[in-house]
Amino acid sequence: MSNFVNWAKDWRNQKTYFEWLAEYTKPYLPRIILILLMDLAVTLLSTGMAIVSKNIIDKATGGNHILALLGAYATMIILTLALDMGSQLISLVLDEKFSFGIRKQVYEQIVHAYWMEIKRYHTGDLMTRLTSDAGNIADGIIYTVPTIIKLGIQFLVAFFTMLYYQPVLALVALIMGPIAALISIVLGRKLKYLSTRVQESEAAYRSFIQESMANLLVVKSFANEEYSTKRLVELRDERFNWVYKRSRMSIFSGGVMSLSFQTAYIIAFTFGAISLSSNTITYGTMSLFLVLINRIQSPIIGLAQQIPKIVQIFASAERVMDLENLPLEEQKEAVHVEGALGVHVENVTFGYEEKEKVLEDVSLDIKPGEFVAIVGESGIGKTTLIRLIMSFMSHYGGNINFLNEAGGSIPAGAEMRQSLSYVPQGNTLFSGTIRENIRMGKLDATEEEMIEALKMAAAYEFVMELPHGLDTVIGERGHGISEGQAQRIAIARCLVRKASLIIFDEATSSLDPDTEIAVLKGLESISPKPTCIIITHRLSVLPYCDRQIKIENKKIG
Ligand SMILES: Nc1ncnc2c1ncn2[C@@H]1O[C@H](COP(=O)(O)OP(=O)(O)O)[C@@H](O)[C@H]1O
Ligand SMILES: [Mg+2]
């Protein structure tokens, strides 16, 4: 019974993947059909060539002229080559377009999904899904599906041609069909399992490489070079183990298939030879048969060989669909607010995991234009509260609203971020120039605006002292400048936005006290005055704030 339920569920899933694939394929269908038609023409031409060669042999043995036929044969060869090359070229371009189409769509889904949901995946895993899995799907649709149709048509054309000339031989050529069908059915499910494991181990392998490269300093500081290499080998072994198992299965089934093919060929060949000796068929028919039996049997084998690829498409489609099913932020028109924005948090309860609440029934009010410090011990939920205000979470209990200066209330949501500006905890700079980093806060920021923001962030002087100023290139995560300098650039990126609500999450933790005070004074000097929320552990900051909010024991203290 449970087997049946599993089977039914599996079948329903396959149907969803199939529909998903069909939806993706739709825009490319005309070009896929074009490739198919070109391939079909090649198939028909090659069968035509077999028939022409039959006539050449029969005419030659009968002492007739064969020049015209030879000419036709040569023309067909050239046409076949031209069509074949054309179809290869079109396939190549189409494959690239198709895989990028998937990548772009999934990339868009990722950037529009709730941050918290997407962060459950390792970036290495996301990369694997975006590159390798999307590539598998594209190759599958652009090459495998047309190949299957082509093989099917090849088979039908060859079979019916043979049936026309010699029905008995046509049926003899078919004897391996049932064996191929049986092997395919048995293999399908096992292969799907193996394909999924291959992609998962690939993701783990890539994640490890990516992470250890990004944290090379940690690897070296703890003298973990050997350990890291060992881990790399382990992950490679794990990945190779699955690749090996999958390939072994494909190769083994290919061997069985090939053996039955050989057997069937010998039987059919013997049958043909006997028919020839008893004069039931001509030499021409025998030669046609020798060509066609190949074209009847090899598509059967070819079709069976496509099964692992089809399975791979489905396994990869499942992994890509997984990302597409993530809850997306509601796409609303961005809200631009004039003046300062206050925050009204009402009975908010939230936990990253279902049972473990980080915040419980938290309420707080921050008036427009207020300058508030949020304090509390490490790990208590300060960053979490900010993430809720920024609408990075897909679900929480209670309500969060923004309050404008006129006393109006606006519900929190992704569309509000246009009016907010945030310095996240930790180093969040991109590789590239300082100018590019600051412009992320405001894409069309002018030179004056950037300089103003740098001055408020107490970063102007050090940036100007750099040999290339704003055009200084910094590495990943601010490599090449100090932690404190990186923080000040992140602050400038935040301030250039001229937002109604500014949030600093331990944004000044690496600054010396004087520079920190300079930044706070910069914040106070902004006009018109925005609302400021700063998370800090420094008591020296508190005198600059209107008041402090303490988070304690999942509540506002
Ligand atoms: N992405 C996450 N997934 C699961 N738990 C998290 C996540 N981020 C933070 N937490 C947990 O939530 C609690 C509050 O974290 P956080 O808000 O970052 O604290 P802090 O007050 O230091 O900013 C901590 O116990 C932490 O382990
Ligand atoms: Mg924090």
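Predicted model: local features only at pLDDT ≥ 70, side-chain atom pairs only at ≥ 80, totals over all residues.
The strands concerned are S1 (residues 342-350) and S4 (residues 397-403), which pair in the antiparallel sense over six bridges. For orientation, the domain assignment of the protein gives domain 1 as 13-324 and domain 2 as 342-556. The centres of domain 1 and domain 2, taken over C-alpha atoms, are separated by 53 Å.

- Within S2, Leu 364 is the bridge partner of Val 345.
- Which order do the strands of this open sheet follow? The order is S2-S1-S4-S5, four strands with antiparallel pairing.
- S2 and strand S5 (409-411) stand at the edges with a single partner strand each, so one side of each has no neighbour in the sheet.
- From one strand to the next, the twist averages 20°.

**The six-stranded sheet**

- Another open sheet has six strands, arranged in the order S6-S9-S10-S3-S11-S12, and its pairing is mixed.
- Its edges are strand S6 (420-423) and strand S12 (555-556); each has a single partner strand, so one side of each is left without a neighbour in the sheet.
- S6 pairs with strand S9 (residues 501-505) in the parallel sense, over four bridges.
- To find this pairing in the structure, look for Val 423, which stands opposite Phe 504 in S9.

**Helices packed side by side**

- A handy starting point: two packed helices are described by the angle between their axes and the distance between the axes.
- Helix H2 (residues 29-61) packs with helix H3 (residues 67-112) at an angle of about 160°, and their axes are 9 Å apart.
- That angle makes H2 roughly antiparallel to H3, because angles over 145 degrees count as roughly antiparallel.
- The crossing of H2 and H3 is left-handed.
- The residues of the contact of H2 with H3 comprise 18 nonpolar, eight polar and four charged.
- Helix H9 (residues 225-277) and helix H10 (residues 283-324) pack at about 165°, with 10 Å between their axes.
- This makes H9 roughly antiparallel to H10.
- Is the crossing of H9 and H10 left-handed or right-handed? H9 passes H10 in a right-handed crossing.
- H10 has a further partner in helix H5 (residues 123-165): the axes of H5 and H10 come within 7 Å and cross at roughly 155°.
- H5 is therefore roughly antiparallel to H10.
- The crossing of H5 and H10 is left-handed.
- In the contact of H5 with H10, there are 21 nonpolar, 12 polar and five charged residues.

**Around ligand 1**

- Which residues are around ligand 1? They are Lys 119, Tyr 352, Val 358, Gly 376, Ser 378, Gly 379, Ile 380, Gly 381, Lys 382, Thr 383 and Thr 384.
- Sorted by class, this shell has three nonpolar, six polar and two charged residues.

**Two backbone details to look for**

- As background, most residues other than glycine have a negative phi, and most peptide bonds are trans.
- Where is Lys 498 placed? Lys 498 lies in the loop between helix H15 (483-495) and S9.
- Lys 498 has a phi near 50°, a positive value in a residue other than glycine.
- Ser 527 and Pro 528 are joined by a cis peptide bond, with omega about 0°.
- Pro 528 belongs to the loop between helix H16 (513-524) and strand S10 (531-535).

Notes. Residues numbered from 1 in each chain as written. Chains lettered and ligands numbered in written order. Axes fitted to C-alpha atoms, helices over the stretch in contact; angles between N-to-C directions. Helix = DSSP H or I, 4+ residues; strand = E, 2+ residues; numbered from the N terminus. Parallel < 35°, antiparallel > 145°, perpendicular 65-115°, else oblique. Left-handed = near helix turned anticlockwise from the far one by under 90°. Nonpolar A, V, L, I, M, F, W, Y, C, P; charged D, E, K, R; others polar. Near = placed C-beta within 6 Å. Domains from an automatic or database assignment. Pairing = 2+ DSSP bridges.
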